[in-house]
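Visitor: Hi, could you walk me through this one? I'm new here and happy to start anywhere.

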Amino acid sequence: MVAQTLRDRAVESLRQHRLEDVESYLPFALSVPVGLLYVLFLGLPLATIVHLSVQGETLWSNYLTVLTNPGYRGSILISLQIAVTVTAITTVLGLLISYFLARNDFRGKRIVIAIINFPTSLPGILIAWGIIVLVGRQGIFSLLGSAITGARSGEFAFALGFWGLLAGYTYFTLPRVTMTLLSSLENLDRELEESAYSLGASRFQTFRHVVLPEIAPGVASGIVLAFSINMVAFGTALLLAAGEVAVLPLKIYSVILGFGDYNTASALAVVLTVITLGVIMAYGYLFGGSVYE
């Protein structure tokens, strides 16, 4: 009887150990398909791009061309200029809108938030078309401006070119930044603000010294998100740049289709990736976590 009990306990212990072993390996086993997908759809294309970018007279010849050729260097600089400008505009506007929404309850608030958030579901090419409809040469506001002032047709049009790109990028970036900041503000402990008010701080002082430091990671997340989106945006630029503004994604597109120069295009793509990934990794280093959380 005793021997039978001991055998049962041994069998049960062995079964328990096997179950624990399976549980310890299960997360790894489940992550294998995801890992293979990353390798197949991200790792291999990136490796191919890097490989093509170093195919030249020397390992760095394509990168030297990218950094010294005025056309390529100009694309990098104009992309940075637009991305930084739109990031600054959308961060300031997003902060004002999100703070108003987070601190005020009113009828229809959910509808307002839904309307603000709606452009995030639209493709970039459709947003670009919307900009043309509004402020193109035959756009609603362009014609209205000409009718009111008597100016010639097209005087108020700015859909195509730098300002059109700025408007289009701002339109599809602002909702994303606003929603990111709104989430940070809604998670902020209201007692901190009420304590500041009770100590005599003004609304601006409370925002400057209490709210802003507390939501700094959220603000930084919005900045990084806006910058990275605008650096790689393609659909909107394809329609609004109109051959006048050669942002980096369009330059890569034209180098491949126009000249079939995959090596230089790959070097441009690597530069673009390094810039965007560098900004995202800097956020992770300074604030921890992911910008998309």
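**Helix packing and ring pairs**

Guide: Let's begin with two helices: α2 (residues 61–68) and α3 pack with their axes 5 Å apart, at an angle of about 70 degrees. Keep in mind that this is a predicted model.

Visitor: Which residues in α2 and α3 meet?

Guide: From α2 there are T65, V66, L67 and T68, and they meet P70, Y72, R73 and I76 of α3. The residues of this contact are five nonpolar, two polar and one charged.

Visitor: New topic: how many aromatic pairs are there?

Guide: The structure has six aromatic pairs. One of them is Y99 with F207: the ring centres are 5.0 Å apart and the planes sit at 70 degrees, so this pair is edge-to-face.

Visitor: Where are Y99 and F207 in the chain?

Guide: Y99 is in helix α3 (residues 70–103) and F207 in helix α9 (residues 203–214), so the pair links distant parts of the chain, 108 residues apart.

Visitor: Is Y99 buried or exposed? And F207, buried or exposed?

Guide: Y99 counts as buried at 11% relative accessibility, and F207 counts as buried at 16%.

Visitor: What about F234 and Y253?

Guide: Their ring centres are 5.3 Å apart with planes at 65 degrees, so that pair is edge-to-face. F234 lies in the loop between α10 (216–232) and α11 (235–240), while Y253 is in helix α12 (residues 248–259). F234 is partly exposed at 31% relative accessible area, and Y253 is partly exposed at 38%.

Definitions and conventions: Residues are numbered from 1 along each chain as its sequence is written. This is a predicted model: local features need pLDDT of at least 70, side-chain atom pairs count only at pLDDT 80 or more; totals for chains, interfaces and linings use all residues. Side-chain values use heavy atoms; hydrogens and water are left out. Rings of Phe, Tyr and Trp (its six-membered ring) pair if their centres lie within 6.5 Å; planes under 30 degrees apart count as stacked, over 60 as edge-to-face and the rest as tilted. Helices (H or I, at least four residues) and strands (E, at least two) are DSSP runs, numbered from the N terminus. Buried means under 20% relative accessible area, exposed over 50%, partly exposed in between (1.4 Å probe, protein chains only). Axes are lines fitted to C-alpha atoms, for helices over the stretch in contact, and angles run from 0 to 180 degrees between N-to-C directions. Contact means heavy atoms within 4.5 Å. Ala, Val, Leu, Ile, Met, Phe, Trp, Tyr, Cys and Pro count as nonpolar, Asp, Glu, Lys and Arg as charged, and the others, Gly among them, as polar.
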